[in-house]
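Have your viewer ready and the sequence panel open. We will walk through this model one selection at a time.

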Amino acid sequence: MITPTEHQKKIIEHNSGHALVIAGPGSGKTTTLTERVYYLFEKQKIGTDDICVLVFNRDIALKLKQNIDARFGGNDAPHTSTVHSFILSQTLKHGAQLLGDFEIGDNLGSLGMEEVVFKPITKRLKDKHGIIKTPDGKKLTIHYVSNKLWNDLRDYWLTTQEPTDSLFSKFKYEVERLKKILNIIFFDELAIKFLQEIEANNSFREAVKKRSIIIDEFQDLNPTEHALLRAFHNAGAEFMCFGDDDQAINEFRRANADLVQDFKTAYSPTEYPLPRDRRCPKEILEFADSLVSVLPGRLPKAEGYAPHQGKIDILEFTNDEQEKINLAKIVSKFLTQTPTSQNNPQVLILSGRVGETSNKSRIDEIVEVLKTNGVEDVSSGEFRDPLDTQFGLALRGLLILLNKADSSLGLYILLGFLKPKLIGSLLQHIEDEERRGNAFSFFAAAEAVKEKDEELKTLLDKISALRDKVRTTAFTPDDLFNLLPSKLLGEDTIKKLANEFWQQIDGSDAEKEKLSNGEKFIRDFHSKVSDIIGKNVIKRVHVTTYRKAKGLEADLVIVTGTDNSEFADIPSNRRLLYVSATRAKKNLLLTFASRRTKARRYTKGRPSGARGNPNSYRSPLISRNYATAQFNETWLQNWNPIL
């Protein structure tokens with residue numbers, strides 16, 4: 001139990017009506033939110049089933065859930081999850097008709113989305129529509145389809161505003177066609193259906209509504225999620241929203257700071273600014289505020305900063321390779337002067353993702369350089385789902401098919417690894433039927449042709465026999481692996497995790513659910529993988545992206561790549577650099593290179609005539625009040641961080 005400040009106490013004990021908590025970095029937001037949830041239960045006597053805590057980010061949701069569960073002392077705590085998870089859980093519980101027979105396409109992971117959605121659609125755009133160029137004359141690639149066109153489609157789902165170019169309309173047509181063939185739906189679409197059902201169906205609205213809704217990272221909600229709040233408001237719910245317009249960095253999902261202002265206008269909430277006095281000293285907050293103070297409509301912030309001293313350095317390197325290599329020297333000097341702490345990370349290094357080659361991560365490169373140069377206690381923010389590998393995707397397809405016997409999605413994935421030629425023949429059968437005016441799913445096509453294709457019939461019979469075996473005590477995970485191809489990437493890791501989970505399955509629990517151990521394994525393995533391996537442990541030195549820095553803090557924060565390519569002067573970059581800078585408790589080091597190399601050598605904002613001139617490539621967001629130093633051994637020797 002904490003002793004709250006006066007600011008926190010007012011928020012925790014807020015009596016009625018909507019509330020908006022302006023909670024900037026280092027304001028004690030998480031503690032305040034946790035205590036507010038417990039106050040609703042303990043003092044206002046609101047049942048845990050009538051309280052819901054919603055967050056945008058999965059990692060933040062997990063941390064917050066752990067805090068809230070701990071505050072409730074192991075007793076049933078209120079539901080804490082992402083908005084998507086809430087929508088899915090409530091749909092399965094109260095509105096299964098919304099999901100129907102569809103499967104969630106977003107669950108495929110990045111590799112699955114590429115193999116199942118983006119590659120085949122890119123191929124059809126070229127082969128069936130004759131499109132080889134983008135509207136701006138560049139080559140049509142999978143990267144363009146998976147980024148530009150996919151984001152445009154998500155925008156269309158959220159806003160119904162359709163781009164006018166013909167390429168988008170053809171892409172949208174092909175996505176809709178693929179969804180019917182594979183019987184899939186995406187989360188953004190499900191969210192809209194969920195919202196429409198709340199607005200149209202009184203009984204559904206009563207079933208899913210909550211009396212009190214707490215929202216963290218409020219600035220990250222998109223228009224559909226704001227519409228969902230409006231529907232809950234109309235049903236009598238009260239909100240307490242914790243957020244910070246300065247940290248609205250998720251425009252890719254159509255979240256933006258203006259929606260916070262819209263919330264104020266629509267609901268007239270009680271406003272509670274929390275002082276940012278727990279982390280950043282005056283020097284660092286003043287720098288951070290200089291980035292966002294020019295943005296229109298910025299919400300007022302409470303006075304206050306952490307009482308200790310802070311230090312800011314701006315450092316230029318001759319090229320980005322030198323910037324990367326010399327990080328080890330800077331980090332090593334800091335760590336040798338700093339005692340080990342229980343609170344990791346002590347050093348936080350932030351970077352963009354693009355490395356030496358387009359398929360290599362700058363994060364991984366930095367971690368490798370640090371370890372090679374003797375900095376061992378290093379962790380990476382690049383969490384990798386072991387199922388997001390070739391073997392993992394093949395297993396995912398088989399699990400889907402075993403859970404649902406007529407799954408088009410599962411069969412499509414599995415055939416992609418076992419019998420890829422069969423996919424082509426089945427898709428051709430579907431296309432032939434489409435010309436006759438018949439709609440066929442992928443599984444229905446397989447059923448229609450299996451008697452004429454012995455290879456396909458044999459495979460389907462094997463899957464059916466395995467499904468029967470899963471219900472018996474004779475089943476082991478090896479039965480799955482025997483059906484999958486060997487020597488795929490990720491095979492050893494997946495087999496190890498599967499056997500660990502198999503050993504953890506409690507037969508008595510399975511029996512209570514009226515399931516065999518095999519059925520429990522098939523149902524739960526996918527969702528339990530992250531629990532088995534655990535999230536990445538954050539070590540003394542942590543390297544991650546600018547966006548993933550949210551929720552972290554360190555005595556030394558090094559923000560790399562602060563040049564006029566990565567941080568050109570646009571509002572989203574101002575907020576992104578604000579988030580990055582405000583992770584620093586004592587020392588903030590901003591680095592940039594006068595020359596980019598290899599795949600990072602793009603020229604936007606980097607005029608060649610400026611080479612050799614100091615500061616020419618420094619981000620224009622950084623005020624000229626802060627001098628730039630050139631990195632060399634003398635600078636390193638004279639650098640005196642605050643300890």
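**Before you start.** This is a predicted model, so local features need pLDDT of at least 70 and side-chain atom pairs count only at pLDDT 80 or more, while totals for chains, interfaces and linings use all residues. Residues are numbered from 1 along each chain as its sequence is written, and side-chain values use heavy atoms, with hydrogens and water left out.

**Stop 1: the domains.** Color domain 1 (6-95 + 194-277), domain 2 (103-182), domain 3 (311-383 + 539-638) and domain 4 (390-534) separately; these bounds come from an automatic or database domain assignment.

**Stop 2: a helix pair.** Select helix α7 (residues 142-159) and helix α8 (residues 166-182), which pack at an angle of about 80° with their axes 10 Å apart. Helices here are DSSP runs (H or I, at least four residues), strands are E runs of at least two, and both are numbered from the N terminus. Axes are lines fitted to C-alpha atoms, for helices over the stretch in contact, and angles run from 0 to 180 degrees between N-to-C directions. The two helices α7 and α8 are therefore roughly perpendicular, a label for angles of 65 to 115 degrees. Show side chains at the contact, including Trp 150, Tyr 156 and Trp 157 of α7 and Phe 168, Phe 171 and Lys 172 of α8. By class, this contact has eleven nonpolar, no polar and four charged residues. Ala, Val, Leu, Ile, Met, Phe, Trp, Tyr, Cys and Pro count as nonpolar, Asp, Glu, Lys and Arg as charged, and the others, Gly among them, as polar.

**Stop 3: the second largest pocket.** Center on Thr 30, Arg 279, Gly 551, Leu 552 and Glu 553, the closest to the pocket's centre of its 32 lining residues. About 740 Å³ of space lies in this pocket. On a 1 Å grid over the protein atoms alone, a pocket is an open set of points with protein on both sides within 12 Å along at least five of seven lines, a cavity is a set where a 1.4 Å probe fits but cannot get out, and lining residues have an atom within 4 Å of a point. Points are joined across faces, edges and corners, and a volume is the space filled by probe spheres set on them. Domain 1 and domain 3 each give at least three residues to the pocket lining. Which helix supplies the largest share of this lining? Helix α3 does, with five residues.

**Stop 4: a cavity.** Select Leu 54, Val 83, Ile 215, Leu 221, Glu 225, Leu 228 and Leu 229, which line the largest cavity. Its volume is about 40 Å³.

**Stop 5: two backbone details.** Most residues other than glycine have a negative phi, and most peptide bonds are trans. Finish at Asn 344 and Pro 345, joined by a cis peptide bond with omega about 5°.

Technical notes:
Parallel < 35°, antiparallel > 145°, perpendicular 65-115°, else oblique. Contact = heavy atoms within 4.5 Å.
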